[in-house]
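Please examine the sequence and the structure shown here before reading the report.

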Amino acid sequence: MPVDGAGVRSGTAFANRGSAVRIVLGRAVTERQLADDWIVVHELVHLAFPSVATEHHWIEEGLATYVESIARAQAGHLSAEQVWAEFVGFMPKGLPGANDQGLDHTPTWGRTYWGGAMFCLLADVQIRERTNNRLGLQDGLRAIVAAGGNMEADWPLERALRVADTAIESPALETLYDQMKATPVAVDLPQLWRRLGVEPRAMGCCWMTPRRLRRCAARSRLRRATVAETVAFRHPGLPSAAALTPTPLPEGEGLISS
Ligand SMILES: [Zn+2]
């Protein structure tokens, strides 16, 4: 839908009579703006997952948020550093706040988009760890599409997770969903970044030390594969410093805790 002005303004994916994406596009849009755009990719990702009940909206938006980054990195439109910078900066917005009742029952913006993306990231890391990087979340998502699970199909969420778990050869998604659906699960993001070799640092336009990153990559097959296959810097602005403040977490070694 053309409008005055420049840039990709907004997008909507819907599946009433066949899947479709409506993009509001400025008539003066530049090639650069199109190359940097994340909205079209986000909306297209929505087409590749079944429609689920309203309380599971977080998985639809979380997948679109997470996969959009990865897809653009895989296509060479974003660097791994940009993707990790985005994740480090924005993933804390997906952490549960006061009165949170789990992903299915807390339809706030942060929990819907970034809580959902955090679910995807945790699942991806778990799958890669369990299979020594042989499989990732992408393999599960492809299996869902292969089984007919696109936006035109109404599926119970459990069905989608089961199909994906069969493909990735472990109940990672179903287990994670059981943990997070009705319980506020605190995720130790700083620990996760350390484990993956991602070092947040507020300097210039990048939150990581490239040299340190390369050194870690040489040691960590997991992180190397994850970096190679992930990730997006969706917002032209920098994540706020507040977004990088580690969230206070309960004591313990575990990555996630209720
Ligand atoms: Zn969306």
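The report below covers a metal site, a loop residue and the aromatic pairs of this predicted model.

## Zinc site

In this predicted model, the zinc ion is coordinated by three residues: His 42 and His 46, each through NE2, and Glu 61 through OE, at 2.0 to 2.1 Å. Along the chain, these donors follow the spacing H-x3-H-x14-E.

His 42 and His 46 lie four residues apart in helix α2 (residues 39-46), and therefore about one helical turn separates them. His 42 is buried, at 4% relative accessible area, and His 46 is also buried, at 10%.

## Ser 170

Ser 170 is located in the loop between α7 (157-168) and α8 (172-180). With a relative accessibility of 13%, Ser 170 counts as buried. Beyond its neighbours within four places in sequence, Ser 170 is in contact with Arg 130 and Asp 165.

## Aromatic pairs

The model contains seven aromatic pairs. One of them joins Trp 58 and Phe 119 in an edge-to-face arrangement, with 5.1 Å centre to centre and 70° between the planes. Trp 58 belongs to helix α3 (residues 57-74) and Phe 119 to helix α5 (residues 109-130), so this pair ties together parts that are 61 residues apart in sequence. Trp 58 is buried, at 2% relative accessible area, as is Phe 119, at 1%.

Trp 58 also forms a stacked pair with Tyr 177, at 6.0 Å centre to centre and 25° between the planes. Because Tyr 177 lies in helix α8 and Trp 58 in helix α3, this pair ties together parts that are 119 residues apart in sequence. Tyr 177 is buried, with a relative accessible area of 5%.

Note on methods. Residues numbered from 1 in each chain as written. Predicted model: local features only at pLDDT ≥ 70, side-chain atom pairs only at ≥ 80, totals over all residues. Heavy atoms only, no water. Donors = N, O, S within 2.8 Å, 3.2 Å for Na, K, Ca; no water. Helix = DSSP H or I, 4+ residues; strand = E, 2+ residues; numbered from the N terminus. Buried < 20%, exposed > 50% of the residue type's maximum accessible area, 1.4 Å probe, protein only. Contact = heavy atoms within 4.5 Å. Phe/Tyr/Trp six-rings, centres within 6.5 Å; stacked < 30°, edge-to-face > 60°.
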